[in-house]
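Trainee: Hey, can we walk through this one together? I'm new to it.
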Amino acid sequence: MALADTTIETSDGESLQAELYLPDAPTTAVVITHPHPQMGGDMYTPVPAGFFGALDGGSVAGLRFNFRGVGRSTGAHDKGGAERLDVAAALDHLAEAAPGVPLLLAGWSFGADVSLTIDDERVAGWFLAAPPLGVVDPAEMTAQTSPAPKVLAIGENDQFNPPDKAAVTVADWQNTSIQVIQGADHFFGAQLPDLVARFSQFLDQTA
């Protein structure tokens, strides 16, 4: 199987709309999260779509999904609270589909912040596009103490959390680096191919 629609069941009884890319012999697996649901975010928006599309034909398994209350996912938006259960369930779902390979988390904006709250020793790395580092209190971002690599890819003109501000927030985080996307803002626009290329490079390095 390569690409298939699927459903993720959360621990609190919600059903999440998702798509799974599963190559024959995956070497790595990545869960991809989307931006703010109340600002039009879903799994088809440009960044998660770009990340998911970059997997096509490769050996990395991928799972993208709609947070609760988005698209065909049940439940209601919870400002990044119960959405943590969504990411945890997505990780479990992907781990079952692609057992025994490193698990990664990748996301954009709201989804990036929620991904940073996941405390799961199976996570071998995070690739975070334009995390606001404020949707969720950074003190609740348990990833900060994980030895696994965390790459924050931020546009030099990000309107919400520019690179210099992000650098202060993550100064004491373990194994965390910031990659500045020249000419980009929070939405990346014409610089999206640069972002996706960095995502692909991260996958190669953590495989």
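Trainee: So, is Asp-92 buried, partly exposed or exposed?

Mentor: Asp-92 counts as partly exposed, at 43% relative accessibility. Buried means under 20% relative accessible area, exposed over 50%, and partly exposed in between, with a 1.4 Å probe and protein chains only. Before we go on: this is a predicted model, where local features need pLDDT of at least 70, side-chain atom pairs count only at pLDDT 80 or more, and totals for chains, interfaces and linings use all residues. Residues are numbered from 1 along each chain as its sequence is written, and side-chain values use heavy atoms, with hydrogens and water left out.

Trainee: Got it. Which side chain meets Asp-92 in a salt bridge?

Mentor: That's Arg-122, at 2.5 Å from N to O. A salt bridge here is a side-chain nitrogen of Lys or Arg within 4 Å of a carboxyl oxygen of Asp or Glu. The two are 30 residues apart, with Asp-92 in helix H2 and Arg-122 in the loop between helix H3 and strand E6. Helices (H or I, at least four residues) and strands (E, at least two) are DSSP runs, numbered from the N terminus. Arg-122 also has a salt bridge with Asp-120, at 2.8 Å.

Trainee: How many salt bridges does the count come to?

Mentor: 7 by that rule. One of them joins Glu-19 and Arg-64, whose closest N and O atoms are 2.8 Å apart. Glu-19 sits in strand E2 and Arg-64 in strand E4, so this pair ties together parts 45 residues apart in sequence. Both Glu-19 and Arg-64 are buried.

Trainee: What about the rest of E4, how many of its residues are buried?

Mentor: 6 of its 6, covering residues 60–65. Val-60, Gly-62 and Arg-64 point one way, while Ala-61, Leu-63 and Phe-65 point the other.

Trainee: Which way do its neighbours run, parallel or antiparallel?

Mentor: E2 is antiparallel to E4, with 4 bridges, and E3 is parallel to E4, with 5 bridges. Strands pair if DSSP finds at least two bridges between them.

Trainee: New topic: where does Glu-14 lie?

Mentor: Glu-14 is in the loop between strands E1 and E2. It's buried yet has no salt bridge, and the nearest side chain of opposite charge, Arg-68, is 4.4 Å away. For charge, Lys and Arg count as positive and Asp and Glu as negative, while His and the chain ends are not counted.

Trainee: And which residues does Glu-14 touch?

Mentor: Leaving out residues up to four places away in sequence, Glu-14 touches Ile-8, Glu-9, Arg-68, Thr-74 and Gly-75. Contact means heavy atoms within 4.5 Å.
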